[in-house]
Amino acid sequence: MSHSTAPVAPATGNDAPAPSAPVRPQAPRRRRPPFSFSRTLETAGAWLLGVLWLLPLVYALWASVHNRDSATSFDLTAPLTFENFVTVWNGAPFDRYYLNTILLVCGILAGQILLGVLAAYAFARFEFRGKNVAFALVLVQLMITPDILISENYSTMAQLGLVDTITGIGLPYIASGFGIFLLRQTFKSIPIELDEAAEIEGCSRWGRLWKVYVPLAKPTLVAWGLVSVSTHWNNFLWPLIITNSVEARPLTVGLMVYNGTESGIDWTLLSAATILVVAPLLIAFLIFQRQFVQSFMRAGIR
């Protein structure tokens, strides 16, 4: 007796189990940092200092766009006016003051970058006798305030015939110890292999400086440039002593002369003149604040 077996049909695609969908890993939930009293206190203190710093500027801006009666009433419905700026601009040669200040800060910055880059490169990559002593003397400059050297600087400028000139204002600040130190630290952090690779390619020492080191030090140069411009834009004591005429007087001295002789006690005019002086720096800070912070973070001060 024979047994017949029925043929088994092959499995089709419909009978195969459906592939399971890939399971996406869930992102871990961010946990809130634990409460820290010291961190909260530091944040509150930072906000308090920020508000205290901002209040005089807010009042100056308010008073500059209102008349004398509305400047102290703080009436939000008071009409705005820009006559104070027109009066201030016509009451003193602020156009000449602006030109003098721009020429001053640009000249100082150009000289500081040139001397700073050369000196920092020498301290970072050259070996010569007295190198450590010379660099120590550069660091000593950071410990001496410029006001101590006013009498010696004035005597030197008088001997050179540079009294009451823009060159006389900027010449004592051409060599910046802070800039040399900052750039030296940046140059030392650049791998020496890049220098050696450029040398193998036939690049001279001068070419390696301007094609390798200076481009890589751009964040440091930006940070240093912003500090230099803001410092010498606001410098007051030395320009006051060395200048006597409108042809060389910067904005800070011009503002003092205007406040003392023209406007009297009119706070609206004083505020408008102050806003004219500080407005370029405020605008530049608002535009470049991110680059300013990132530049110092990348500069690697050690």
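A: First, a word on sorting residues: Ala, Val, Leu, Ile, Met, Phe, Trp, Tyr, Cys and Pro count as nonpolar, Asp, Glu, Lys and Arg as charged, and the others, Gly among them, as polar. Also keep in mind that this is a predicted model.

Q: On that scheme, how do the residues lining the largest pocket divide?

A: Twelve are nonpolar, ten are polar and one is charged. The lining has 23 residues in total.

Q: What volume does the largest pocket have?

A: About 590 Å³.

Q: Which residues lie nearest its centre?

A: Q141, P146, Y173, S176 and H232.

Q: And which elements give two or more residues to that lining?

A: They are α4 (131-142), α7 (177-189), α10 (218-233) and α11 (237-242). The largest share is from α10, with five residues.

Q: OK, second largest pocket. How much space lies in there?

A: About 490 Å³. Its lining has 19 residues, and S230, N234, L281, L282 and F285 lie nearest the centre.

Q: Which elements contribute two or more residues there?

A: α1 (37-64), α10 and α13 (267-299). Here α13 gives the largest share, nine residues.

Q: How do those lining residues divide into nonpolar, polar and charged?

A: 16 nonpolar, three polar and no charged.

Q: Switching topic. What pLDDT does the protein average?

A: It averages 83, and 83% of the residues score at least 70.

Q: Which elements have the lowest and the highest mean pLDDT?

A: α13 has the lowest, at 79. Helix α6 (residues 166-170) has the highest, at 94.

Q: Last topic. How many salt bridges does the structure hold?

A: Two. In one, K131 pairs with E127, and the closest N and O atoms are 3.3 Å apart. The other joins the side chains of D195 and R208, at 2.6 Å, N to O.

Q: What does the D195 and R208 pair tie together?

A: D195 lies in helix α8 (residues 192-200) and R208 in helix α9 (residues 205-216), so the pair ties together parts that are 13 residues apart in sequence.

Q: Are D195 and R208 buried or exposed?

A: D195 is buried, with a relative accessible area of 4%. R208 also counts as buried, at 4% relative accessibility.

Q: And K131 and E127, buried or exposed?

A: K131 is buried, with a relative accessible area of 12%. E127 is exposed, at 72%.

Methods. Residues are numbered from 1 along each chain as its sequence is written. This is a predicted model: local features need pLDDT of at least 70, side-chain atom pairs count only at pLDDT 80 or more; totals for chains, interfaces and linings use all residues. Side-chain values use heavy atoms; hydrogens and water are left out. On a 1 Å grid over the protein atoms alone, a cavity is a set of points where a 1.4 Å probe fits but cannot get out, and a pocket is an open set with protein on both sides within 12 Å along at least five of seven lines; lining residues have an atom within 4 Å of a point. Grid points are joined across faces, edges and corners, and a volume is the space filled by probe spheres set on the points. Helices (H or I, at least four residues) and strands (E, at least two) are DSSP runs, numbered from the N terminus. pLDDT is the predictor's confidence in each residue, from 0 to 100. A salt bridge is a side-chain nitrogen of Lys or Arg within 4 Å of a carboxyl oxygen of Asp or Glu. Buried means under 20% relative accessible area, exposed over 50%, partly exposed in between (1.4 Å probe, protein chains only).
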